[in-house]
Amino acid sequence: MYARIYKNKLVRVYTGEDLNNSEIISKLKGRELAGFTIRDEHNNIVFYDGDKVSATELQLVIRNLKTAIIAINMSDEEIIDYFYMIAKVQLIEKSRDSFTENELYEWMNLTIDSGIIKSKVWFEVKDKVYKRLLDSGLHLVDLETMVKG
């Protein structure tokens with residue numbers, strides 16, 4: 001399972017390995033679908049688009065587990081959780097309890113796909129992620145504080 005930007009949205013991508021888990025399959029039904037692919041009998045990739053993951057689509061995925069890939073649009077809360085966890089891990093790895101926006105951006109850019117951190121998705125939720133980091137006891141150092149020393 002991994003995240004990607006697709007049509008200016010953050011999507012969670014599940015591969016055949018992920019889809020072997022019946023728990024994951026059950027969580028997919030009814031979710032907002034970005035799309036899914038399977039390989040046909042001639043090894044051609046066939047793309048399916050849709051609004052929600054239906055029972056029929058899940059059956060197609062299950063029958064083609066070895067070649068299926070399904071992408072689900074992440075909810076706003078899932079997106080905030082995704083970025084928060086990446087930021088938190090970076091701060092823990094750097095043994096930091098304070099950070100600047102630029103530092104955090106650079107650390108996250110080194111950790112995840114650049115297309116994700118440079119996307120409008122990040123810029124739309126970054127204030128909520130910062131607030132959550134601050135609520136968890138971390139400190140955002142702004143330029144004014146750094147200049148005053």
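First, the ground rules. Residues are numbered from 1 along each chain as its sequence is written, and side-chain values use heavy atoms, with hydrogens and water left out. Because the model is predicted, local features need pLDDT of at least 70, side-chain atom pairs count only at pLDDT 80 or more, and totals for chains, interfaces and linings use all residues.

Now the salt bridges. The term means a side-chain nitrogen of Lys or Arg within 4 Å of a carboxyl oxygen of Asp or Glu. The count is nine. Here are some of them.

Take Lys9 and Glu32. Their closest N and O atoms are 3.3 Å apart. Lys9 sits in strand S2 (residues 9–15), and Glu32 in the loop between helix H2 (22–28) and strand S3 (33–39). Helices (H or I, at least four residues) and strands (E, at least two) are DSSP runs, numbered from the N terminus.

Next, Arg132 and Asp81. Here the closest N and O atoms are 2.4 Å apart. Arg132 is in helix H7, Asp81 in helix H4 (residues 76–93), 51 residues apart.

Then Glu101 and Lys126, at 3.5 Å, N to O. Glu101 lies in helix H5 (residues 101–111) and Lys126 in helix H7, so the pair ties together parts 25 residues apart in sequence. Is Lys126 buried or exposed? Buried, at 19%. The cut-offs: buried is under 20% relative accessible area, exposed over 50%, partly exposed in between (1.4 Å probe, protein chains only). Glu101 is partly exposed, at 36%.

Last, Ser119. Its place is the loop between helix H6 (114–117) and helix H7 (120–135). Ser119 is buried, at 9%.
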